[in-house]
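Thanks for coming. I will keep this short and go through one structure, part by part.

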Protein chains: 2
Amino acid sequence: MHTVDTIEALRRQIQTWRRRQETVGFVPTMGNLHAGHLALVSDAQARADRVVVSIFVNPMQFGPGEDLDSYPRTLRDDQARLLDAGVDLLFAPRVETVYPRGEAHTSAVIVPDGLTDILCGASRPGHFRGVATVVAKLFNMVQPDLAVFGEKDLQQLRVIQRMAEDLDLPVRVHGSPTMREADGLATSSRNQYLSEAERRRAPILHQTLQQVAEIVSRDRGAIETALHEGRQALEKAGFQVDYLEVRDWESLGPPGQGPLVVLGAAWLGQARLIDNLGI
Amino acid sequence: MHTVDTIEALRRQIQTWRRRQETVGFVPTMGNLHAGHLALVSDAQARADRVVVSIFVNPMQFGPGEDLDSYPRTLRDDQARLLDAGVDLLFAPRVETVYPRGEAHTSAVIVPDGLTDILCGASRPGHFRGVATVVAKLFNMVQPDLAVFGEKDLQQLRVIQRMAEDLDLPVRVHGSPTMREADGLATSSRNQYLSEAERRRAPILHQTLQQVAEIVSRDRGAIETALHEGRQALEKAGFQVDYLEVRDWESLGPPGQGPLVVLGAAWLGQARLIDNLGI
């Protein structure tokens, strides 16, 4: 597996595959790879002849006071894991390569209809503008046939699907099911911000989503009660709740007649954990 | 020459050329084609094996009260001209194909640093957001190697070059020199809004740019005087001046040490004419 850090080297390698009519799958990441990322890689490998992974901690999607500087950067370990996983190419660009003028001086992609303002977007203004913009850029750098994102970040997945559809990007965007630890906690790079005691309590987020999902699957009229109880359970367990909501699974808008999802985001110590569960 | 109106048919045709390693040049237009457009086609033909022209009157770049409804639509004549010119494919999509959710509900591309707020952007708010967005979409539909735009719309060219660069679109964006009538008037679809009497006075815009360019090329200190005299000359000839400015040729920012350009926009009757001249 080669690691490249320039767009020219990236495109040169991909061009050789294109000439052989090979299809290209793409898994964009911020690195610090865990089993969840490797499941995305495996999903991409099942769908394409070649798989490119990118590692880029994107400054444009971090707000002031967020964990941009402390976000774990573990390139050597990540390379070893991707090599083991049979990835064909790792693209790990420098910030100057992605934002030669600085991220504040880069054309941005704005996704409409409030999709970026709700849920995580409400407490992280500008976050999804940064996500949509960097993913548009990465798609244009790699030009894959398909890309795979985790359903753990469901809002991110929906923002990217909408962006790709609206801008007619010739990339199929797949969601891949959330990978979990044995106790149900969704795998995440931010789990390592948890103390041992917090780590033991962390699965309560997933358990709470399960409880809400169970109640709502029996009675859609009980959504508000279920969410109220869920928020109380999380607060009692020491979480500071950012949101706990039931939404339409596709649009993330208010619950209608279609499939639903319960989404939660909550702080536990230094970690902001998010998770969701289809109902 | 085939005319297609769906993205699927467009991509299918282009795919057959790609398989033969042929390069693709692209000339996006709003139709009502004149000699200026045909010069862009000819430029594209010199640079690529195949040339695709699009005709799409983009509602997203027209403001309220602008000439969206009255903009001349002449598809039959345009087809005949493009066939004569040896164009390989015409893409003439319907509004619903480009904006299936409506243009207000489409992800948009925002070009930064005030480039879209100055000059034409000052009197046409939202115009360049519409231009950048539709061109990003068209680039993703066609996926050309290169695209050609006229230097007559210099700010549009710079916005598109910046957008393509910032979003890492794999498309080279070329500017092609302005085509003029015998009397110096820049060719434009909007020239047909002029009455006969206005048409006779219209070349005064180009003449005024020439006078400003001549003065400034001799003495960069005389920019303000030259512009003041130029505005007076235009008003005396019955123009209502929107702007007359000297800018940096590349950045369109304030004049510095590099090459300069004088740009003007003015109403003459029902027609808003724009033009520019390198100094």
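This is a predicted model: local features need pLDDT of at least 70, side-chain atom pairs count only at pLDDT 80 or more; totals for chains, interfaces and linings use all residues.

How many residues of domain 1 of chain A are in contact with domain 2 of chain A? There are 21, and they meet 17 residues of domain 2. Together the two domains of chain A bury about 1700 Å², with 53% of that on carbon and sulfur atoms. On the domain 1 side, the residues losing the most area are L119(A), L154(A) and R158(A), which together make up 35% of what that side buries.

Now the polar side of this domain interface. One salt bridge is found across it. R190(A) pairs with D67(A) in a salt bridge, and their closest N and O atoms are 3.0 Å apart. Between the two domains of chain A, 10 residue pairs are in polar contact.

Which helices of chain A supply at least two residues each to the domain 1 side? They are α5, residues 120–123, and α7, residues 154–166. Of these, α7(A) gives the most, with three residues. By type, that side of domain 1 of chain A has eight nonpolar, seven polar and six charged residues.

Next, the aromatic rings. Over all chains, the search finds eight aromatic pairs. One of the pairs joins F56(A) and Y99(A): the ring centres are 6.2 Å apart and the planes are at 45°, so this pair counts as tilted. F56(A) sits in the loop between β3 and α3 of chain A, and Y99(A) in the loop between α4 and β5, so the pair ties together parts 43 residues apart in sequence.

Last, the two chains. Chain B puts 26 residues in contact with 26 residues of chain A. Between them the chains bury about 2300 Å², 43% of it on carbon and sulfur atoms. On the chain B side, S107(B), L167(B) and D168(B) supply 25% of the buried area, more than any other three residues.

Six salt bridges are found across the interface of chain B and chain A. In a salt bridge between E165(A) and R101(B), the N to O distance is 2.8 Å. The chain interface also has 18 residue pairs in polar contact. Elements of chain B that each supply at least two residues to this side are α1, β5, α6 and α7. The chain B side divides into 13 nonpolar, five polar and eight charged residues.

How values were computed
Residues are numbered from 1 along each chain as its sequence is written. Chains are lettered from A and ligands numbered from 1 in the order in which they are written. Side-chain values use heavy atoms; hydrogens and water are left out. Contact means heavy atoms within 4.5 Å. Buried area is the accessible area (1.4 Å probe) that two parts lose on being put together, summed over both. A salt bridge is a side-chain nitrogen of Lys or Arg within 4 Å of a carboxyl oxygen of Asp or Glu. A polar contact is a pair of N or O atoms within 3.5 Å; within protein, one must be able to donate a hydrogen and the other to accept it, and residues adjacent in sequence count only if both atoms are side-chain atoms. Helices (H or I, at least four residues) and strands (E, at least two) are DSSP runs, numbered from the N terminus. Ala, Val, Leu, Ile, Met, Phe, Trp, Tyr, Cys and Pro count as nonpolar, Asp, Glu, Lys and Arg as charged, and the others, Gly among them, as polar. Rings of Phe, Tyr and Trp (its six-membered ring) pair if their centres lie within 6.5 Å; planes under 30 degrees apart count as stacked, over 60 as edge-to-face and the rest as tilted.
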